[in-house]
Amino acid sequence: MENRIKKLQSNLENNQAVLIFESANRRYFTNFNSSAGVVIVTDKKAVFMVDFRYIENAKKQVKSMDVMLFTDLVKQIAEFLNGENTKQVYLETDSIDLSLYSKLKANLEGIEISTDGKIQTAIDKLRAIKDAQEIGFIKQAQALTDKTFDYILNHIAVGKTEREIALEMEFFARKNGSDGIAFDFIVVSGKNSSLPHGVPTDKKLEKGDFLTMDFGARVNGYCSDMTRTVALGEVSDHQKRVYETVLTAQGMSASIVKAGVVCKDVDAVAREYIYENGYEGCFGHGLGHSLGLDIHENPAFNTRDETVLESGMVMTVEPGIYLENEFGVRIEDMVLVTDDGFENLTNSPKELIIL
């Protein structure tokens, strides 16, 4: 935690500070989970202000900075910054709300409030490169996710509903050590599987359906994310062709992942292959994203992101083909970028499973 704060401080000049309100960012710098509070980092010190609900535990757990109780947050922020002779303060431009900004503007007299994105970019870059501890938590979360997939294969059957499958998966993950789910599970079958972010319904699984499951666990706040598409009973030649196209695109794009590669170039490999095989317009989302304390972090594999991959980034690789009112297929692995390639953190099989 102290090293993270020092790296952030390296972006500040004398009499500058940053206010960190966003929950995952607060946790990143304090290793403490709370629904409210602020981390204030100046060029010389850092403090965590938190309310009465959390103050006792925060004092015990937060070791990287001073902990203070707040009763009037904006007033106490102003008092602290004035006490440090702060002349300019940066905000998180991706998450600050207008009401809070207005209150800060009214109370921080004589202090310039900057929203130019400089510190937001610095925080994003810090969080993009996972340290050994973070990677360990993500690996544990993914191991639990793989275990959940192995478990649910024995509970998928014609006649069960999407909602029943989703709840069974969530209960298993939580029972076996997940802090909670990384996001609302996507469990969609048949025609519903053409919806990339469809929600589980009371639709019953039918013979011949594709069933797409996109899910992940959390360990110490860190997320995992994987998608597998399986079939029930039988599949048509058309379904097989779509599945094999997605599987090949997934492998081809993952194969070029390594430090030094541009994000949008990884996306292009999968996208071009899918389009060349007759499915242009059927892959409408990005190829993948980074993740950690949040399920979606920067950078991303899409058609626009020119970020150069660095060792320590964790990314998903998840191409899909979605045929409206027919079916869809998505296959997703989570990979750790290394200097000479990648480590696949996902161990579940990808070849088509017919149950």
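Student: Which residue forms a salt bridge with Asp214, and what makes the pair a salt bridge?

Tutor: The model is a predicted one, and in it Arg330 is the partner of Asp214, with the closest N and O atoms 3.0 Å apart. A salt bridge requires a side-chain nitrogen of Lys or Arg within 4 Å of a carboxyl oxygen of Asp or Glu, so the pair qualifies. Arg330 belongs to strand E16 (residues 327-330) and Asp214 to strand E8, so the bridge ties together parts that are 116 residues apart in sequence. Both Arg330 and Asp214 are buried.

Student: Why is Arg127 called buried, and what is Asp294 called?

Tutor: Buried means under 20% relative accessible area, exposed means over 50%, and partly exposed is what lies in between. Arg127 has a relative accessible area of 9%, so the word buried applies, whereas Asp294, at 24%, counts as partly exposed. The side chains of Arg127 and Asp294 meet in a salt bridge with an N to O distance of 3.2 Å. This pair links distant parts of the chain, with Arg127 in helix H6 (residues 118-128) and Asp294 in the loop between strand E12 (288-290) and strand E13 (297-301), 167 residues apart. Arg127 and Asp294 also belong to a network of salt bridges that links Glu22, Arg127, Lys130, Asp294 and Glu297.

Student: What makes helix H2 largely enclosed by the rest of the structure?

Tutor: Six of the eight residues of helix H2 (residues 23-30) are buried, and so the helix is described in that way. The buried ones are Ala24, Asn25, Arg26, Tyr28, Phe29 and Thr30. At the start of H2, a side-chain oxygen of Glu22 comes to within 3.1 Å of the backbone nitrogen of Ala24, and just after H2, Asn31 takes a positive phi of about 60°.

Student: Why do E7 and E8 count as paired strands?

Tutor: Two strands pair if at least two bridges are found between them, and four bridges join E7 to strand E8 (residues 210-215), so this pair, which runs antiparallel, meets the rule. Met213 in E8 is the bridge partner of Val187. E8 is also joined to E11 by six bridges, again antiparallel, and Thr212 has Thr229 in E11 as its bridge partner.

Student: What makes E7 and E11 edge strands?

Tutor: The open sheet has three strands in the order E7-E8-E11, with antiparallel pairing. E7 and strand E11 (226-231) each pair on one side only, and these are the edge strands. Helix H7 (residues 132-152) lies across E8 and E11, running at about 15° to E11.

Technical notes. Residues are numbered from 1 along each chain as its sequence is written. This is a predicted model: local features need pLDDT of at least 70, side-chain atom pairs count only at pLDDT 80 or more; totals for chains, interfaces and linings use all residues. Side-chain values use heavy atoms; hydrogens and water are left out. Helices (H or I, at least four residues) and strands (E, at least two) are DSSP runs, numbered from the N terminus. Buried means under 20% relative accessible area, exposed over 50%, partly exposed in between (1.4 Å probe, protein chains only). A polar contact is a pair of N or O atoms within 3.5 Å; within protein, one must be able to donate a hydrogen and the other to accept it, and residues adjacent in sequence count only if both atoms are side-chain atoms. Contact means heavy atoms within 4.5 Å. Axes are lines fitted to C-alpha atoms, for helices over the stretch in contact, and angles run from 0 to 180 degrees between N-to-C directions.
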